[in-house]
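User: I would like to go through this model with you. Could we begin with the strands?

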Protein chains: 2
Amino acid sequence: MTTTTIPLFLEDLKPGLKFTSRSYALSTEDIVAFAEQYDPQPFHLSEEGGRNSLFKGLAASGWHTAAVAMRLLTESVPIAGGLIGAGLEKLSWFQPVRPNDSLYVETEVLSVRESKSKPYQGLARMKQTAYNQRHEAVLEFTSTIVVPKGP
Amino acid sequence: MTTTTIPLFLEDLKPGLKFTSRSYALSTEDIVAFAEQYDPQPFHLSEEGGRNSLFKGLAASGWHTAAVAMRLLTESVPIAGGLIGAGLEKLSWFQPVRPNDSLYVETEVLSVRESKSKPYQGLARMKQTAYNQRHEAVLEFTSTIVVPKGP
């Protein structure tokens, strides 16, 4: 049996390693509060405002979904030094997130490599997928995270 | 002289068309409030917590920067039907956003095409870049937005 202590260092990460978060429910109030501050478009602010849009009703801002996914990642991917990325290769929103949807995130390590310039750290490429309570993918992005080597 | 009424329809969008937003200042309180809810890592929660991190101090969550950019886009890119995207090709965070940084966003239309399956709409590919008050790029992403044709 292999035991690994937390937090995880570069040596602990292997392609295929997966992490799964808890579930996080979004209320109507959560969706509207985020939208009022960061994405005040009618289809993110009320059911009525969304009725004649592509969404056919109230839908969470895609950036709200992404922020919730980040919250779940901070709780479920215990990498030493935290989750710091320089960017995303690609981000897809597959379908709307509705009031009372409950999201969880699965993370899969795709590849791991040492840094050429900084011998004390490396880079892990990871795919993150957020699912709703029906296990339908709602969001996916691929990121590369800086990971320190172990002591 | 060409005049264009707002909102803009597919026919109004041409490659090279640019939009610039107002500026949006981020306070320490804003940065910490977003982080507490969506990205509670030490370097997003306090100056002390960031001191020994890659950020060397307090930095806004990259998702907060993206949310602020979205807010500025809703105000500066007046497309009919609103800004609804299916995803991003790429997103890059170039450098940290610090307390009292003031951000603005420039949008450039890269290409425009009609939808093959839906004759009443098309797709506009756009590059969005957020800059700080020193005109340094802090965030960039390329998105494709659904745009209705004019009446």
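Analyst: Strand E3 (residues 85-93) of chain A pairs with E3(B) in the antiparallel sense over 4 bridges. Two strands pair if DSSP finds at least two bridges between them; helices (H or I, at least four residues) and strands (E, at least two) are DSSP runs, numbered from the N terminus. The model is predicted: local features need pLDDT of at least 70, side-chain atom pairs count only at pLDDT 80 or more, and totals for chains, interfaces and linings use all residues. Residues are numbered from 1 along each chain as its sequence is written, while chains are lettered from A and ligands numbered from 1 in the order in which they are written.

User: Which residue in E3(B) is the bridge partner of A:Ser92?

Analyst: That partner is B:Gly87.

User: And the helices, at what angle do H4(A) and H4(B) pack?

Analyst: Helix H4 (residues 62-76) of chain A packs against H4(B) at about 170 degrees, with the axes 10 Å apart. H4(A) is therefore roughly antiparallel to H4(B). Axes are lines fitted to C-alpha atoms, for helices over the stretch in contact, and angles run from 0 to 180 degrees between N-to-C directions; those under 35 degrees count as roughly parallel, over 145 as roughly antiparallel, 65 to 115 as roughly perpendicular and the rest as oblique.

User: Which residues of H4(A) and H4(B) meet there?

Analyst: From H4(A) come A:Trp63, A:Ala66, A:Ala67 and A:Met70, which meet B:Trp63, B:Ala66, B:Ala67 and B:Met70 of H4(B). By class, this contact has 8 nonpolar, no polar and no charged residues. Ala, Val, Leu, Ile, Met, Phe, Trp, Tyr, Cys and Pro count as nonpolar, Asp, Glu, Lys and Arg as charged, and the others, Gly among them, as polar.

User: How many residues does the contact take from each chain?

Analyst: It takes 26 residues from chain B and 26 from chain A, where two residues are in contact if their C-beta atoms, placed from the backbone, lie within 7 Å. On the side of chain B that touches chain A, E3(B) gives the most, with 8 residues. By class, that side has 16 nonpolar, 6 polar and 4 charged residues.
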